[in-house]
Amino acid sequence: MRGVSIIGVGTTPFGICEGMSLKELACKACLDALKDAGIDKREIQAFYVGNFISGILVGQETIAPLIANGIGLPKDVPATKVEGACCSGGIALRHGYLLVATGAADFVLVAGVEKMTSASTEKNTEGLASAFDQETEGRTGLTFPGFFALIARRHMHQYGTKPEHLALVSVKNHSNGVSNPRARFRNSVSLDEVMASRIIADPLRLYDCCPISDGAAAAVLCPSDIAASFHPRPVDILAVAQTTGYSATYEMEDPTTLIATVKAAKQAYEMANITPHDVDVAEIHDCFTIAEIVDSEDLGFFPKGRGGFAVEEGQTLLGGKIPINPSGGLISKGHPVGATGLGQIYELVLQLRGEHENQVKDAEIGLAHNLGGTGQLCTVTILRRRV
Amino acid sequence: MGCQGIIILHCSSCQALHVPSKLVCTRCGGENLTQRSGGTSGTIYSFTTIYTAPTRFCDQVPYDIALVELTGGVKVTARVERVRGESLYIGMPVRFSRQDEHGFWFKPDQHGPNSGF
């Protein structure tokens, strides 16, 4: 396997992109990434796009060739959609990485996209809930806020995590989003505002939940040994791991741990030959406030049960022990589900180029954690700048 | 359906219990799974009340969903109907009441758990 690097990234803002179709969002992110890489689109040898529910929300399927044609990729380029619920973007990156690492291709374009805000909240809730096992949990009316509420209640019971700990994740991520021009929410919120917001799935409130959003993000990959001839600050991919967890809550022995994250993190740290303590900045899957707490434990940043207390102690703030979601995360930046995995990569590439609006000083190693469904799928990606 | 309880699959190789449908034991890979009936009582392992629902459940909000740990250890995801507006809590005894298009339904069990499984 040869080294793989990111030589270009592109994105749309995340949020309500009125008047922009799914195709237009994806094409804009892809064209931005090609331009950033300074590469001619005729050099691209493969294209992967991550997407979850375009069929349900906007009635558009077969989106990979649609986007490939939209940006004028040559007709001999394979264009493939990958789907893994909210982890679709991370999976697209991994497939592109494998093609370059194995030598099957030199230049690969990867993207993620979702168009959500043109459909109602109820329609989105139904579309997202299609990731449940319909035969057992889907038919009960369980929702994703409900799934994470079951985890939150149990986490509180087992470890003494408080509703205030959850709320502080939202306060932090909204605060980070204020200076991110790509974020859906650019306003800060107070602890009291979070704690007083309406209940979505008890004990989770509105501000514990990420907002449905439109958006797309993309990256161009190539072999590490030629990366510097395309971009002065290429970012090397040290690891991309993908794993499978449980498809139903009732099968989990202890739902306060998501096994797919634990296993993906272990694989990724081994591939990259680092420990959690070596990570300078992390973009992790905070679809709900409790998810960021659980993820931060499963990724090895904190012992199990201590994630909420670490937030209270300020350890995950910009300037803390491990800055988590300086972009604002899914909670403030928004969660266009198929795009999120590559949106995290976009933010980390800016961090490792030293160009982020919420720059982590001297950041050298970044980690992205992308989760799908009931923790059924997970990717953990580790990136490093050259020193 | 109804009073005979929830059908559970038992693996004759490793004794694991599973919620149907399964063709193999996901713990040991064994293919000899036999049906057991029972599973009428348990306790609440975790719970939530859903206020924002998918389209086809909107007319039911708010509704309660719990992870119920059946006597014997296997968990199921189920709807809970409060009989007298009781507050739900982790460890609360519940009893299987029926099964319909929404899956399993449980009610608070004022007599406490017994060896129904």
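This is a predicted model: local features need pLDDT of at least 70, side-chain atom pairs count only at pLDDT 80 or more; totals for chains, interfaces and linings use all residues.

Colleague: How many aromatic pairs are found over all chains?

Modeller: A pair of aromatic rings is described by the distance of the centres and the angle of the planes. Rings of Phe, Tyr and Trp (its six-membered ring) pair if their centres lie within 6.5 Å; planes under 30 degrees apart count as stacked, over 60 as edge-to-face and the rest as tilted. The whole structure holds eight aromatic pairs. One of them joins Phe107(A) to Phe230(A), edge-to-face, with 5.3 Å centre to centre and 70 degrees between the planes. These two residues are 123 apart in the chain: Phe107(A) is in the loop between helix H4 (88-101) and strand S4 (108-114), and Phe230(A) in the loop between helix H9 (224-227) and strand S8 (235-244). Helices (H or I, at least four residues) and strands (E, at least two) are DSSP runs, numbered from the N terminus.

Colleague: Where does an Arg lie over the face of a ring?

Modeller: A charge sits over a ring if NZ of Lys or CZ of Arg is within 6 Å of the ring centre and within 35 degrees of the ring normal. Arg153(A) lies over the face of Phe47(B), at 3.8 Å from the ring centre. Arg306(A) is placed over Phe309(A), at 4.3 Å.

Colleague: What is the order of the strands in the open sheet of chain B?

Modeller: Strands of a sheet pair through backbone hydrogen bonds, either parallel or antiparallel. Two strands pair if DSSP finds at least two bridges between them. In chain B the order is S2-S1-S3, with antiparallel pairing. Strand S2 (17-18) and strand S3 (33-36) each have a single partner strand, so one side of each has no neighbour in the sheet. Strand S1 (residues 8-11) is joined to S3(B) by four bridges and to S2(B) by two. His10(B) has Thr34(B) as its bridge partner in S3(B) and Leu17(B) in S2(B).

Colleague: Which residues touch the most other members of the largest nonpolar core?

Modeller: A nonpolar core is a set of buried Ala, Val, Leu, Ile, Met, Phe, Trp, Tyr and Cys residues joined through side-chain atoms within 4.5 Å. Of 92 residues in the largest core, those with the most such contacts are Phe148(A), Ile290(A), Phe301(A), Leu367(A), Ile382(A) and Phe106(B). Helix H6 (residues 144-159) of chain A contributes the most, with eight residues.

Colleague: How much area is buried between chain A and chain B?

Modeller: The size of an interface is often given as the accessible area lost when the parts come together. Buried area is the accessible area (1.4 Å probe) that two parts lose on being put together, summed over both. Here the area is about 2700 Å², with 54% from carbon and sulfur atoms. Arg139(A), Thr140(A) and Tyr250(A) supply 25% of the area that chain A buries against chain B, more than any other three residues.

Note on methods:
Residues are numbered from 1 along each chain as its sequence is written. Chains are lettered from A and ligands numbered from 1 in the order in which they are written. Side-chain values use heavy atoms; hydrogens and water are left out. Buried means under 20% relative accessible area, exposed over 50%, partly exposed in between (1.4 Å probe, protein chains only).
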